[in-house]
Amino acid sequence: MAARPLWAVQRLQRLLASGTVSQSRGWLHPFSTATPRTAGEDCSSEDPPDVLGPSLAEQALRLKAVKLEKEVQDLTLRYQRAVADSENIRRRTQRCVEDAKIFGIQSFCKDLVEVADILEKTAECFSEGAKPEDHKLTLEKVFQGLSLLEAKLKSVFAKHGLEKMTPIGDKYDPHEHELICHMPAGVGVQPGTVALVRQDGYKLHGRTIRLAQVEVAVESQRRL
């Protein structure tokens, strides 16, 4: 092997003594314990490659989209259930209202059936085969039947809150009385009060359901 120049030997000795190598060429001393570095490792390991940035962002957006889609499905399902429950409630309410209209007077009709029974028994007193001498007895039975019928009707009316008005002597009220005509005020009758009732009026639980047809006393002697 050819002898190296003196200056080259001296430079090599200095390099071996310092333990450094030229990193620009990517080689190390044969006895060095340093790990070789490639050209791609020249970048700092603390800085992540730019290629991972968009990938992580896209993954985060996908997870958020899945979460939002699940929430939308849950809200849609809850909305559909609420609409169905509302429709069921509406149908039940409508059915209850219709039943109330049809069967609301069921109790009243049941009591009126008893009145109809009394009328039927009273009508049986007038049989075609009755003898003339039995007329007196028949009239007595009819009177008893009518008296019982009146008492039963009053009982049914009171039970269901139906009250007959007695406006004689009361001040004329257009909300309760229907004026038929005027009549001269007599002794003890104040003008503007009800002097005569032509047809009875009725109230149901305090509400007027039929006006009483009345004549009202006035000071004038002229009748309308």
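These legends walk through several close-up views of a predicted model.

View 1. An unreviewed UniProt entry puts the feature "coiled-coil region" at residues 58-85. In the model, that stretch of chain is 100% helix and 0% strand. From one end to the other, its C-alpha atoms are 41 Å apart.

**View 2. Helices H3 and H4, side by side.** Here we look at helix H3, residues 106-123, and helix H4, residues 135-159. Their axes come within 9 Å and cross at roughly 175 degrees. An angle over 145 degrees counts as roughly antiparallel, and H3 and H4 are therefore roughly antiparallel to each other. On the H3 side, the contact is made by Phe108, Asp111, Leu112, Glu114, Val115, Ile118, Leu119 and Thr122. H4 brings in residues including Val142, Gly145, Leu146, Leu149, Leu153, Val156 and Phe157. So what sort of residues make up this contact of H3 with H4? They divide into 12 nonpolar, two polar and four charged.

**View 3. The open sheet S1-S4-S5.** Three strands sit in this sheet in the order S1-S4-S5, and their pairing is antiparallel. S1 and strand S5 (207-210) are the edge strands, each pairing on one side only. From one strand to the next, the twist averages 35 degrees. Strand S4 (residues 202-204) is joined to S1 by three bridges, and Glu163 stands opposite Lys203 in S4.

**View 4. Glu176 and what surrounds it.** Where does Glu176 sit? Look in the loop between strand S1 (162-164) and strand S2 (177-184). Setting aside neighbours within four places in sequence, Glu176 is in contact with Met165, Lys203, Thr208, Leu211 and Ala212. With Lys203 there is also a polar contact of 2.8 Å between the side chains. Tyr202 is 26 residues away from Glu176 along the chain, yet the C-alpha atoms of the two are separated by 8.9 Å.

**View 5. The open sheet S2-S6-S3.** This is an open sheet of three strands in the order S2-S6-S3, with mixed pairing. S2 and strand S3 (194-199) stand at the edges with a single partner strand each, so one side of each is left without a neighbour in the sheet. Here the twist averages 30 degrees from one strand to the next. S3 and strand S6 (residues 212-218) run antiparallel and are joined by four bridges.

Conventions:
Residues are numbered from 1 along each chain as its sequence is written. This is a predicted model: local features need pLDDT of at least 70, side-chain atom pairs count only at pLDDT 80 or more; totals for chains, interfaces and linings use all residues. Side-chain values use heavy atoms; hydrogens and water are left out. Axes are lines fitted to C-alpha atoms, for helices over the stretch in contact, and angles run from 0 to 180 degrees between N-to-C directions. Helices (H or I, at least four residues) and strands (E, at least two) are DSSP runs, numbered from the N terminus. Angles under 35 degrees count as roughly parallel, over 145 as roughly antiparallel, 65 to 115 as roughly perpendicular and the rest as oblique. Contact means heavy atoms within 4.5 Å. Ala, Val, Leu, Ile, Met, Phe, Trp, Tyr, Cys and Pro count as nonpolar, Asp, Glu, Lys and Arg as charged, and the others, Gly among them, as polar. A polar contact is a pair of N or O atoms within 3.5 Å; within protein, one must be able to donate a hydrogen and the other to accept it, and residues adjacent in sequence count only if both atoms are side-chain atoms. UniProt positions are given in the numbering used here, feature names are shortened, and annotations may be inferred rather than shown by experiment. Two strands pair if DSSP finds at least two bridges between them.
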